[in-house]
Amino acid sequence: MADVTAAAPPPVEIVVDGVSKAFGTVQALVDVHVRVRAGEFLSVIGPSGCGKTTLLKTIAGLIAADAGRVVVGDRIVEGPGRECSVVFQDFALLPWATVQKNAEFGLLLRGVPAAERAERARGVIAKVGLAGFEQAYPAQLSGGMQQRVGLARALAVNPQVLLMDEPFASIDEQTRRVFQDDLLRLWSEERKTVVLVTHSMEEAIYLSHRVVVLSPRPGRVHQVFEVPLPRPREGAGVRATAEFARLVDDLWKILRKLQ
Amino acid sequence: MVVALRLVSVIAFVLLWEWAALVQISFNFPSPWATLTALVALVGSGAILTATATSLQSLLLGFGSAIVLGVPFGLLMGVVRPVGRVARVYLDLLIALPTAALIPLVILSFGINILSSAVIVFVFSVPFVTMNAYGGVRDVRPRLVEMARAFDASGPQLFFRIVLPSALPMILAGIRYALSRAFVGLIVAELLLSPFGLGRLIMASRSMFEHDRMFATVLWTLLLAGFALAALARVEGRLLRWRT
Amino acid sequence: MPDVRESDLGRTGLIAVGGLLIVWEALGRLDVSMFVPPVTTVAAAWWQLLGNGTLTRAAASSLGSLVKGFVPAAVLGVAVGLAMGRFATVRHLLDGWVNALMSAPLSALVPVLIALFGIRDTVVAATVFMFSFFVIVVNTLTGVRGTEPSLVEMARSFGAGEVALFGRVYWPSALPAVMLGLRLGVVQAVKGMVVGEMLISLVGLGERLIYYGNTFLIAELYAVIASVLLIALTASQLAQALDRALVRWK
């Protein structure tokens, strides 16, 4: 099996420097400053309509900022770059392609030869726990499994940065918890810089080093919330601790004021 | 911008036509201007208006009967499922069949007259009216029927309060599509029958080598159909205002 | 577009068609009308026309025009639909025409085609083209426009350029709609073939229809109608088979 981590370049830092973005007359982001450390797991949370997704897509280079700039590693973001992979809320799987072909898609677009593509895709498919489903079509999979394909596709190109846009929003609670543990395990193996947009406080605290709280309309950084829980957290019963409950409550107190 | 582009395409079309007439891609290919002049003359003399009135008579007769018979029958097919299953087979065949092939048979049965072209219009349009009324009933959301049942609705209440309004958009869409088919049938019938209507005007002009008159009549016919379809679409929009 | 779902000629279909044929045969034997000849008489006439080559000759000419008209309509129709779907300028230039002509009684244009080409079988091919082109354009256009924006965004996030976007996202995602367009288009094409041939009344099955109508050969007339129906059903089945072969993932 191909060792996907072997060639993994070291994680990089992301600097969001005074980014503003408006859609027509709606101001989505105003003067947002965020610094994501290399190898950090950072979540962005906020009420709906606060511009979390806009911020993520600006980092991904899918949306151009009106003002300010985003720097990923040593590249100023002007469009989608090779350092970043995006995991989408609605999975964005090609319905006409098998799991294998979906996982290969990023590699295909980047001109990786077929044999290597197939091997690397098989590797990441196994990594996300879908070995044996290579020839299935997305329509034959549950939501949770579909998002695993989305994750496999993102990991296959071996990015330094993983950008996740509410990846668990349309997955049921039980599946979500298992998936979150798997994600933490993958993160500790691969040490990527991760930015996760979410609306779940528990999820943000369970997964991240820090949580950026955005205020709504227009979106600004309201507060940066530290999560001092020890790692590894997966399978350690962290959710049941009083510390976890207190952190969720603290985060809720901040968010409630923003409603 | 959009309007400008649409305008450009119309102008380009007229220029292309003008060019085609100029280089004589075929003998007696009239220019846009000649066609327009002929059209004005045809309207002025009343010839085209008489022909239109005759054509519309068979259209209304045939298309009207298609609605009056097709809609209730389609609804029946939807409500009484066994009828639907069987009649569906014939409808599918009728929709696939190149209906024009039936024209000689219709002419033999009804003779060369307005009734004949009305029957042809009917045969062209009735499968689509019926099929959509049937489809409309079949696509009623089961949740709504369940809801009405929960309120103890009677059969007629269920039909008139739930089924019919739910099916209406599809019925109307079917009627509109059927109108375009009706025009196709009308024109083919008249071109073949020839003794009356717009078809006769077209064929007579052609045989007299008055190509400008022929082009003018064809143009008039297309505009007439376009106008009728647009008018029907407006009515449809009015009736379905709740959908926005 | 009306609801033209795939017809399932299953058991109900066989019973319905079989029943119709039996009733027809009975009415024919009872001699209720000269326009209802017994099915067996029609079958015999069909067999005889097939045997003496009349039917094969006419059908060969008809199918030739069908191919000559439909293939260009399919190729050009898909190309124009794709261009309209992808480029707003092309769309705004053409959508008025396409929408108007899609539902226009194009049969009125056949005399214009005759003026252009003369009374030749080219007119039939041109009629076939005209009848099938627009429905193919519209369905292709709808398919391209219906591409999930999130798939486009996903591909862009991996750095896809215009060519890759088109080949890897827009085209496969439009394919089911393109195939539907071709299926509807081929049915329209057969209709165009019959209309064109009847109006020029020179060659093909359409000419036979006119001829047997004029000469009161009712059984022969029915035999040709049945052949035309057979061609229409076969063409649509072929298009459906192609659809299934190409769009397996649905």
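How much area do chain C and chain A bury between them, and what percentage of it is on carbon and sulfur atoms?

Tutor: This is a predicted model, in which local features need pLDDT of at least 70 and side-chain atom pairs count only at pLDDT 80 or more, while totals for chains, interfaces and linings use all residues. Residues are numbered from 1 along each chain as its sequence is written, chains are lettered from A and ligands numbered from 1 in the order in which they are written, and side-chain values use heavy atoms, with hydrogens and water left out.

Between them, chain C and chain A bury about 1800 Å², 70% of it on carbon and sulfur atoms; buried area is the accessible area (1.4 Å probe) that two parts lose on being put together, summed over both. Of the area that chain C buries against chain A, 40% is supplied by C:Met154, C:Phe158 and C:Trp249, more than by any other three residues. The contact (heavy atoms within 4.5 Å) takes 16 residues from chain C and 23 residues from chain A.

The rule for a salt bridge (a side-chain nitrogen of Lys or Arg within 4 Å of a carboxyl oxygen of Asp or Glu) finds one across this interface. There, the side chains of C:Glu153 and A:Lys57 meet, at 2.9 Å from N to O.

On the side of chain C that touches chain A, the elements giving two or more residues are α7 (149–157) and α8 (162–200) of chain C; helices are DSSP runs (H or I, at least four residues), numbered from the N terminus. The largest share, seven residues, comes from α7(C).
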